[in-house]
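Please find below a short note on the model you passed on. It covers confidence, strand pairing and the contact between the chains.

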Amino acid sequence: MNILEVNDLSKVFHLYILNNKKIEALKKINFTMKEGEIIGLTGKSGSGKSSLMKCIYRTYLASSGEIIYASAAGKIDLVKANDHVIIELRKNEITYCSQFLSVIPRVPAVDVVCENLFRVEKDKKAARENAKDMLENLGLPFELWDAFPVTFSGGEQQRINVARAIIAGPRFLLIDEPTASLDQRTKDVVIDLILNLKKNGTSVLCISHDEYTLERLVDRRIALFQGEIEQVEIETDQIETN
Amino acid sequence: MSRNDDNWLLRVRNLTKIYGEPNDKTLSLTGPLFNSNICPETDSIVACAEIDFDLYPGEVLGIVGESGSGKSTVVKLLYFDMEKTLGGAWLRPYTNGLSNILEESNQKKRFIRNNLMGMVYQNPRDGLNFRFSSGGNIAEKLIMAGQMHVGDIRARASDLLNKTEVPVQRMDDRPSLFLDEVTTGLDVSVQARVLDLIRELQQDLGIAMIVVSHDLSVIRMLTDRTLVMKDGRIVESGLTDQILQDPQHAYSQLLVSSLL
């Protein structure tokens, strides 16, 4: 079953405050994604990878085309669905993990990680235990668990960001550069965590520039060039690493 | 999908407030297109017009826009501080959302205000009685809602005061709360404490809120959806991250690009 079908998706930015300038970010994107598949989005900076991901998450409003997402309750066009449907999906099914951690002031690291879990898990203590396990796994120093992430280093924030995105086991994960600014060992941990999600049925769309991550993680790749799909890898040679 | 199309808590349709004596053309000659909310023919002022939105249970809705765009007018109309010119509002917990609360009798309005709504004013003077102590001001809302146990009221009031140190907050477990510029004029550490309290109210008690603010970072942190207002009209509405990252209207683009 396809979890995502993107048909003729285009995105044009109309910049009214810059003399009505128009910027074409995506041009007629077509691809499909199977349930439980991990797709890697590649391409140079500015090729439209993040725009595509944000269109799917509805942070950007697509200009034309459709994005059919097979939710647990039926098919939804993410381009046209009303805001409340999107909010529900974000709460329950689709998680977006950006490159940077957006911190909530004065919330300790463990609670930041737990945020999505608190919605489903009423037992806060159990949720925190869960988060602590994950942070330990990711090698975040014990002393930092109860500290506020604003002052953390880039790599530490990155790990919290990834942990927060995957802890609740979303049905569909959009993840932007999960392994940037991480060392080799931590990279492997992150990759294993995502592969683990896949085993539980999560579909993942992942942007990465890192060849090692792509090799180990993704089932196939989609390469973007100047807002168009340059190349789609047909799934013939599934890389068996696990 | 229909599963949550009809799940609103507060529904607002065509809410309009005009000062002066408007004629037929007043509405069509004002608004963002004309860059003005003053009618050129009658000099009447359109504070807000044709405001449509739904607030869902437990949702936080932000309203942003330039000074004088009608943000405060909208919440004040909903809290019965002003008389509307046109339009209506329906509140689910009251008669199951069947009657327009803006057309109820004053007595019914008082009931709704005391039991189903809360409001924090931009200017503390509007919301407080300065002849009473801060604790007394907070307790007033509870007493009006029918709680008579002095011990309970005292405990609740002092709890809130300790948490915020802001003597303007009068909060209670009511389904909807309107917050007009709550963090303006507070230093960041107190601001953070107020925001903590608001997040707590929303997450733990599921109170729906309308947050009016100039501060886009407050909006980003607290709200799921945002309305952008200009010259008394809603020029754009959408998910907060969409408004902030992919604003569609010229004014929203200007607003977001002015962000520090």
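The points below take these topics in turn.

1. This is a predicted model, in which local features need pLDDT of at least 70 and side-chain atom pairs count only at pLDDT 80 or more, while totals for chains, interfaces and linings use all residues. Residues are numbered from 1 along each chain as its sequence is written, and chains are lettered from A and ligands numbered from 1 in the order in which they are written.

2. The predictor assigns the complex an ipTM of 0.87 and a pTM of 0.86. Where pLDDT is low, the predicted coordinates should not be read in detail.

3. In chain A, strand 9 (residues 220-225) pairs in the parallel sense with strand 3 (residues 38-42) over four bridges. Pairing requires at least two DSSP bridges; strands are DSSP runs of E, at least two residues, and helices runs of H or I, at least four, numbered from the N terminus. A:Ala223 in strand 9 is the bridge partner of A:Thr42.

4. Strand 9 of chain A also pairs with strand 10 (residues 228-232) of chain A, in the antiparallel sense over four bridges. A:Ile222 stands opposite A:Val232 of strand 10. The two strands form a hairpin with two residues between them, and A:Gln226 in the turn has a positive phi of about 45°.

5. The contact between the chains takes 18 residues from chain A and 21 residues from chain B. Helix 2 (residues 83-92) of chain A gives the most to the chain A side, with six residues.

Technical notes: Contact = placed C-beta atoms within 7 Å.
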